[in-house]
Amino acid sequence: MSTGVGKHKMLSLGPTEPWSVREKLSLASSVMRSGDQNWVSVSRAIKPFSEPGRPPDWFSQKHCASQYSELLETTEAPK
């Protein structure tokens, strides 16, 4: 029952409001340190970089994974 969806494809689970550049940079830095399989550590590490007014679950593990997946899809890999 393969749907052809990639391993990082979780876009429908994330927040609808876009993440700020600061939040995206903190996410990428945290994933670089912790890896893309340790979403508990990533989520915990980037909470201090939240923009004002974000809901409490903004940096949930699912949202972090979803946003990272989106970053991977929109970033061109070096050749």
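These legends go with close-up views of a predicted model.

View 1. Mean pLDDT for the protein is 83, with 78% of the residues at 70 or more. Among the helices, helix 2 comes out highest at 96, while helix 3 has the lowest mean, 94. Residues 1-13 are another story: pLDDT stays under 50 there. For this stretch the model has 15 contacts beyond four places in sequence.

**View 2. Helix 2 crossing helix 3.** A pair of packed helices is described by the angle and the distance between their axes. Here, helix 2 covers residues 39-46 and helix 3 covers residues 61-74. Their axes come within 9 Å and cross at roughly 95 degrees. An angle of 65 to 115 degrees counts as roughly perpendicular, so that's the label for helix 2 and helix 3.

**View 3. The residues where helix 2 meets helix 3.** Which residues of helix 2 meet helix 3? They are Trp 39, Val 40, Val 42, Ser 43 and Ile 46. On the helix 3 side, the partners are Gln 61, Cys 64, Ala 65 and Tyr 68. Sorted by type, the residues of this contact are seven nonpolar and two polar, with no charged ones.

**View 4. The largest nonpolar core.** This view gathers twelve residues that make up the largest nonpolar core. Among them are Trp 19, Leu 27, Val 31, Trp 58, Phe 59 and Leu 71. Some names from the previous view turn up here too: Trp 39, Val 42, Ile 46, Cys 64, Ala 65 and Tyr 68 belong to this core. Helix 3 gives the largest share, four residues.

**View 5. Ser 43, tucked into helix 2.** Ser 43 sits in helix 2. Is Ser 43 buried or exposed? Its relative accessible area is 7%, and buried means under 20%, so Ser 43 is buried. Leaving aside residues up to four places away in sequence, Ser 43 touches Phe 59, Ser 60, Gln 61 and Cys 64.

**View 6. Ser 26, a serine in helix 1.** Ser 26 has its place in helix 1. With a relative accessible area of 7%, Ser 26 is buried. Again skipping residues up to four places away in sequence, Ser 26 touches Ile 46 and Phe 49.

How values were computed: Residues are numbered from 1 along each chain as its sequence is written. This is a predicted model: local features need pLDDT of at least 70, side-chain atom pairs count only at pLDDT 80 or more; totals for chains, interfaces and linings use all residues. Side-chain values use heavy atoms; hydrogens and water are left out. Axes are lines fitted to C-alpha atoms, for helices over the stretch in contact, and angles run from 0 to 180 degrees between N-to-C directions. Helices (H or I, at least four residues) and strands (E, at least two) are DSSP runs, numbered from the N terminus. Angles under 35 degrees count as roughly parallel, over 145 as roughly antiparallel, 65 to 115 as roughly perpendicular and the rest as oblique. Contact means heavy atoms within 4.5 Å. Ala, Val, Leu, Ile, Met, Phe, Trp, Tyr, Cys and Pro count as nonpolar, Asp, Glu, Lys and Arg as charged, and the others, Gly among them, as polar. A nonpolar core is a set of buried Ala, Val, Leu, Ile, Met, Phe, Trp, Tyr and Cys residues joined through side-chain atoms within 4.5 Å. Buried means under 20% relative accessible area, exposed over 50%, partly exposed in between (1.4 Å probe, protein chains only). pLDDT is the predictor's confidence in each residue, from 0 to 100.
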